[in-house]
Amino acid sequence: MRAELENLGSYNIYYHETEEVYNEDFSKGPKVYFAPLTGVITNQFDANNSHFGIDIVAKRNDAIKAIDNGVVILAEWTLNTGYIIMIQHSGNLISVYKHNSSLLKKPGEYVKAGDLISIIGNTGEQSSGPHLHFELWLDGSAVDPLNFISF
């Protein structure tokens with residue numbers, strides 16, 4: 001499957017073929033990410049208590065947007081987090097969107113910054129009401145989304 005995806009230009013999971021191009025992108029200044037949703041943050045990032053993201057409450061049926069260009073690497077249902085979507089971005093960054101009521105993208109799809117990817121929801125056993133649980137993972141470690149995105 002990986003070879004198949006690599007051969008499809010629009011679903012190419014590699015953003016840069018050379019290190020020079022990779023460095024050029026980041027030499028232009030700090031990266032700016034879209035906020036996935038406009039709402040109220042009700043629960044902060046707290047790695048010490050295994051809360052690896054932030055919770056954002058918003059209006060019912062609000063659309064959730066991709067924070068940056070990337071490739072959807074997971075879009076499925078899980079018992080704990082309901083409908084979940086994960087996007088791989090350049091710079092070894094992964095964004096995770098949990099508890100959605102529905103998903104608008106499938107694995108392998110390329111998304112652009114600001115594209116609609118899901119609808120806010122209340123799915124999964126770990127959800128206590130309609131909200132988005134949003135996580136960022138950089139180089140395999142959870143990071144506080146508030147350090148990267150202005151909400």
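## Ser50 and the model

Ser50 sits in the loop between strand E1 (40-43) and strand E2 (53-57). Strands here are DSSP runs (E) of at least two residues, numbered from the N terminus. The model is predicted, so local features need pLDDT of at least 70 and side-chain atom pairs count only at pLDDT 80 or more, while totals for chains, interfaces and linings use all residues. Residues are numbered from 1 along each chain as its sequence is written, and side-chain values use heavy atoms, with hydrogens and water left out.

Ser50 counts as exposed because its relative accessibility is 54%. Buried means under 20% relative accessible area, exposed means over 50%, and partly exposed lies in between (1.4 Å probe, protein chains only).

## Positive phi values

Most residues other than glycine have a negative phi. Ser50 has a positive phi, near 60°, and is not a glycine. His99 is not a glycine either, and its phi is positive at about 75°.

His99 belongs to strand E6. With a relative accessibility of 4%, His99 counts as buried.

## Aromatic pairs

A pair of aromatic rings is described by the distance of the centres and the angle of the planes. Rings of Phe, Tyr and Trp (its six-membered ring) pair if their centres lie within 6.5 Å; planes under 30 degrees apart count as stacked, over 60 as edge-to-face and the rest as tilted. The structure holds 4 aromatic pairs. In one of them, the ring centres of Tyr97 and Phe134 are 5.3 Å apart and the planes stand at 50°, so this pair is tilted. Tyr97 is in strand E6 (residues 93-100) and Phe134 in strand E10 (residues 132-138), so the pair links parts of the chain 37 residues apart.

Phe134 also forms an edge-to-face pair with Phe151, at 6.4 Å centre to centre and 65° between the planes. Phe151 lies in the segment after strand E11 (141-143), 17 residues from Phe134. Tyr97 and Phe134 are both buried, with Phe134 at 0% relative accessibility, whereas Phe151 is partly exposed at 36%.

Ser118 is part of strand E9 (residues 116-119). Ser118 counts as buried because its relative accessibility is 0%.

The side chains of Ser118 and Asn100 are joined by a polar contact of 2.7 Å. A polar contact is a pair of N or O atoms within 3.5 Å; within protein, one must be able to donate a hydrogen and the other to accept it, and residues adjacent in sequence count only if both atoms are side-chain atoms. Leaving out residues up to four places away in sequence, Ser118 touches Asp62, Ala63, Ile64, Asn100, Ser102, Leu103 and Leu104, where contact means heavy atoms within 4.5 Å.

Definitions and conventions:
Helix = DSSP H or I, 4+ residues; strand = E, 2+ residues; numbered from the N terminus.
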